[in-house]
Amino acid sequence: MQLYDGFISQINGLIGRRPAITVDYFPSRLKNAGKNNVLFLNETAFELGGSGEKCVSTLAVTSSFKYSNRTYILGNDIKNIKADCPFAKVVLLEIEDIDEENAFDRIKQLEQIRYSFCPEGFMSRASAISMREQIRVGKRAVKDKISLADYANCIMGEYLRNPIVKSAEIILVTDRDFDYDGLISVAEKIKDTTSALSHILDNVLFDCKNCNLKEICDEVEGMKELHIKTANK
Ligand code: SF4
């Protein structure tokens with residue numbers, strides 16, 4: 001699976017320009033609070049990506065790059081955040097080299113973790129359409145000195161439990177000077193690539209001139225070849 005490799009390189013270009021704290025994976029002390037976990041406002045210290053602040057969340061898979069099961073934190077950690085702030089969350093996963101025909105379902109399964117899994121002390125409000133994922137941080141989590149690394153490791157453990165995931169990297173950003181718009185643009189293209197993959201696997205007519213996915217297929221290496229291969233079956 002190499003369809004997202006170009007976008008992963010673009011993300012690395014955005015992240016690599018900023019100072020970051022690096023944390024190696026350790027089993028998190030947090031449990032999964034489940035998808036129906038609710039934190040009311042009076043229980044919330046602040047919301048990452050709340051109050052209309054910039055916010056973006058994306059996930060990309062690859063079979064080309066290996067990761068060190070590491071989290072990168074750009075900007076303030078929980079103990080230094082006092083109010084709603086911008087937020088970006090990037091999950092990069094090295095997966096087995098799966099057959100492209102299974103790829104859409106497998107990617108969707110991995111994306112579902114965002115909606116079904118939430119570390120205790122937090123509440124996630126995610127939208128696949130807007131690519132936002134706002135995270136409410138509970139007053140209790142602040143009092144218990146929970147860090148962004150605790151949060152990231154809890155999620156990373158869940159991804160690593162998936163049999164097709166070989167290694168992972170999570171990037172969390174709260175830095176006000178980060179290029180959120182640049183990341184939103186890459187996240188948009190990742191979303192479009194997954195839509196194009198679904199479109200191709202639905203066996204639609206191979207007609208690039210009249211296809212509204214032409215722009216993304218022109219940019220993503222291997223997309224047209226995949227459609228030709230699928231169309232010829
Ligand atoms: S390869 Fe052509 S027809 Fe197929 S999805 Fe891409 S642009 Fe559309």
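**Exercise 1. Determine in which hand helix 1 passes helix 5, and which residues make the contact.**

Step 1. Helix 1 passes helix 5 in a left-handed crossing. A crossing is left-handed if the near helix is turned anticlockwise from the far one by less than a right angle, and right-handed if clockwise. Helices here are DSSP runs (H or I, at least four residues), and strands are runs of E (at least two), numbered from the N terminus.

Step 2. This is a predicted model: local features need pLDDT of at least 70, side-chain atom pairs count only at pLDDT 80 or more, and totals for chains, interfaces and linings use all residues. Residues are numbered from 1 along each chain as its sequence is written, and side-chain values use heavy atoms, with hydrogens and water left out.

Step 3. Find the angle. Helix 1 (residues 5-15) and helix 5 (residues 180-201) pack at about 165°, with axes 10 Å apart. Therefore helix 1 is roughly antiparallel to helix 5 (over 145 degrees; under 35 is roughly parallel, 65 to 115 roughly perpendicular, the rest oblique).

Step 4. List the contact (heavy atoms within 4.5 Å). Helix 1 gives Phe7, Gln10, Ile11 and Leu14, while helix 5 gives Gly182, Leu183, Val186, Lys189, Ile190 and Thr193.

**Exercise 2. Describe how helix 5 and helix 7 pack.**

Step 1. Helix 7 spans residues 223-231, and its angle to helix 5 is about 15°, with the axes 10 Å apart. So helix 5 is roughly parallel to helix 7.

Step 2. The crossing of helix 5 and helix 7 is right-handed.

Step 3. Thr193, Ala196, Leu197 and Ile200 of helix 5 meet Met223, Leu226, His227 and Thr230 of helix 7.

**Exercise 3. Is lysine 82 buried or exposed?**

Step 1. Locate lysine 82: the loop between strand 4 (70-74) and strand 5 (87-95).

Step 2. Its relative accessible area is 69%, so lysine 82 is exposed.

Step 3. Look along the chain. Alanine 45 is 37 residues apart from lysine 82, yet their C-alpha atoms are separated by 7.6 Å.

Methods: Axes fitted to C-alpha atoms, helices over the stretch in contact; angles between N-to-C directions. Buried < 20%, exposed > 50% of the residue type's maximum accessible area, 1.4 Å probe, protein only.
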